[in-house]
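Thanks for asking me to look this one over. My notes follow as numbered points, to be read alongside the model.

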2 protein chains.
Amino acid sequence: MNLVLFEPGELDAPLPRGDVRARHIVEVLRLGVGATIEAGVIDGVVGVATLTEVGAAALRLSFEPGAEPPPLPDITLVVGLPRPPSARDVLRDATTLGVRAIHFVTPQLGDPNYATSSLWKTGEWRRQLIQGAGQARCTRLPAVTWGRRLATVLAESPATERLALHNDEAAAPLSRWRRADGGSGVLVAIGPERGWGPRDLVALSEGGCSLWHLGRRVLRVELAVAAALTLVGAARG
Amino acid sequence: MNLVLFEPGELDAPLPRGDVRARHIVEVLRLGVGATIEAGVIDGVVGVATLTEVGAAALRLSFEPGAEPPPLPDITLVVGLPRPPSARDVLRDATTLGVRAIHFVTPQLGDPNYATSSLWKTGEWRRQLIQGAGQARCTRLPAVTWGRRLATVLAESPATERLALHNDEAAAPLSRWRRADGGSGVLVAIGPERGWGPRDLVALSEGGCSLWHLGRRVLRVELAVAAALTLVGAARG
């Protein structure tokens with residue numbers, strides 16, 4: 001937790017001792033009254049929180065607001081819905097690396113049951129975003145959807161530059177991709193473990209995506225996401 | 001398991017049903033006699049294994065050897081020894097991305113107890129390499145050391161290009177790094193969670209490392225390793 005994040009309003013209320021952030025402050029950082037931490041309001045400012053009270057049931061913090069962090073990079077990540085442990089890592093790591101939206105679509109060769117996992121039914125998916133943003137010292141969370149069709153997500157996206165990862169002779173190395181002049185937003189689509197199916201490839205083509213690859217070594221979905229976002233971020237400058 | 005890896009000689013012997021690879025073949029892939037899988041010999045050839053017997057206690061495979069995979073990229077990864085769960089991910093993911101060696105050094109701001117974890121005392125560290133290599137469809141494993149001094153590792157490395165990640169005004173964006181003509185091997189050094197300490201920075205400087213950064217967003221060690229290896233791999237072409 002490089003930056004401890006709070007929902008709007010939460011910093012004015014007592015923080016129960018059982019809360020993961022209270023435990024981090026008291027048990028990991030071992031802070032006492034008067035100590036300060038870097039804190040932020042989700043989708044708001046970064047600032048400094050001073051610990052003003054350590055009670056038996058709750059902590060109290062006094063927050064001094066600072067500046068808003070810069071906007072998130074205009075990158076939209078589209079991922080073929082992977083099994084829940086992979087989705088969890090993608091939610092956290094893509095948020096740390098910095099994207100404006102993550103859409104987990106239902107691919108042809110995927111398992112639709114993945115969309116009904118507890119990751120999505122409880123608020124767990126959002127806790128992963130908060131963890132990823134706090135790691136990056138950022139307050140901003142990406143917009144997230146899951147279980148929609150690839151064609152729908154592509155049709156609704158405003159991104160003018162669209163890349164899909166696919167291991168195929170027609171694909172070019174993603175390390176050679178360069179941003180077009182005047183491009184407004186990049187969409188990167190990464191297949192599920194078993195890759196994009198023929199129907200997905202039609203949707204990607206009709207949705208304006210060009211095909212790129214990450215080399216001959218086959219990466220897990222989580223690692224492909226990290227590598228692709230790193231290269232796209234580097235090419236955006 | 002994109003490629004199921006075996007130690008030299010292991011393919012000629014019965015494979016006990018309790019072995020993780022036997023369980024993968026029978027319980028996950030649900031293969032029967034006559035079915036084939038892609039298999040490889042660690043640090044040797046890739047080939048095709050045919051399931052010839054499914055016994056109550058063991059499987060038998062018949063292996064048709066093929067070609068050796070290409071050599072690993074001449075990249076040496078140096079990491080400030082992180083907590084064991086992070087080290088586990090680094091072992092697996094750096095192997096998937098492709099490096100020739102991984103050295104986990106004891107940094108100034110690290111916890112020396114991390115070197116005595118069961119990850120290192122049992123063979124668990126090597127199982128992570130095998131998992132990472134199988135994912136990449138490669139038989140080659142990197143050389144691995146842990147608990148040595150940073151200065152020692154730098155003194156012994158033959159790499160002519162040496163980069164250290166450090167968030168500092170003196171550092172340049174790693175995305176701008178380009179390989180020198182005639183360079184023979186790249187070393188990339190990544191600090192522990194709390195960063196390189198002053199003594200580490202002296203060792204890095206005396207060891208010929210230039211300083212680079214991955215942007216203003218702070219990444220977990222595992223994610224910094226993935227991002228750095230992606231950018232260095234891309235710049236090597």
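1. In chain B, strand S10 (residues 172-173) and S12(B) run parallel and are joined by two bridges; Pro173(B) faces His213(B) of S12(B) across this pairing. S12(B), residues 210-213, also pairs in the parallel sense with strand S9 (residues 161-165) of chain B, over three bridges. There Leu163(B) has Ser210(B) opposite. Strands pair here if DSSP finds at least two bridges between them, and helices (H or I, at least four residues) and strands (E, at least two) are DSSP runs numbered from the N terminus.

2. A word on conventions: this is a predicted model, in which local features need pLDDT of at least 70 and side-chain atom pairs count only at pLDDT 80 or more, while totals for chains, interfaces and linings use all residues. Residues are numbered from 1 along each chain as its sequence is written, and chains are lettered from A and ligands numbered from 1 in the order in which they are written.

3. Chain A contains seven helices and 12 strands, and its C-alpha trace spans about 60 × 40 × 30 Å along the principal axes. Of its 237 residues, 42% are buried (20 or more other C-beta atoms within 10 Å of the residue's own; 12 or fewer is exposed, anything in between partly exposed, with C-beta atoms placed from the backbone). Among contacts in chain A with a separation of 6 or more, 74% link residues 24 or more positions apart; a contact means C-beta atoms, placed from the backbone, within 7 Å.

4. S9(A) and S11(A) run parallel and are joined by four bridges, with Glu161(A) opposite Val186(A) of S11(A).

5. Helix H6 (residues 198-206) of chain A is worth a look. Its residues Asp200(A), Leu201(A), Ala203(A) and Leu204(A) are buried. Viewed down the axis of H6(A), the buried residues fall within an arc of 160°, so they line one face of the helix (the arc is that of the directions from the helix axis to the C-beta atoms). The face turned away from that buried side carries the exposed residues Pro198(A), Ser205(A) and Glu206(A). The cover over the buried residues of H6(A) includes helix H5 (150-156), strand S9 (161-165) and strand S11 (186-190) of chain A. Just after H6(A), Gly208(A) has a positive phi of about 85°.

6. Phi of Arg137(A) is positive, near 60°; Arg137(A) lies in the loop between helix H4 (124-135) and S8 of chain A. Asp43(B) also has a positive phi, of about 60°, and sits in the loop between strand S3 (36-41) and strand S4 (46-54) of chain B. Arg137(A) counts as partly exposed because 16 C-beta neighbours lie inside 10 Å. Asp43(B) is partly exposed, with 14 other C-beta atoms within 10 Å.

7. Chain A divides into domain 1 (4-65) and domain 2 (75-236), with bounds from an automatic or database domain assignment. The centres of these two domains, taken over C-alpha atoms, are 33 Å apart. Nine residues of domain 1 of chain A are in contact with six residues of domain 2 of chain A. On the domain 1 side, strand S1 (4-6) and strand S3 (36-41) of chain A each supply at least two residues.

8. Finally, the contact between the chains takes 20 residues from chain B and 20 residues from chain A. On the side of chain B, helix H2 (84-97) and helix H7 (221-236) of chain B are the elements giving two or more residues, and H7(B) provides the largest share, six residues.

Terms used
Contact = placed C-beta atoms within 7 Å.
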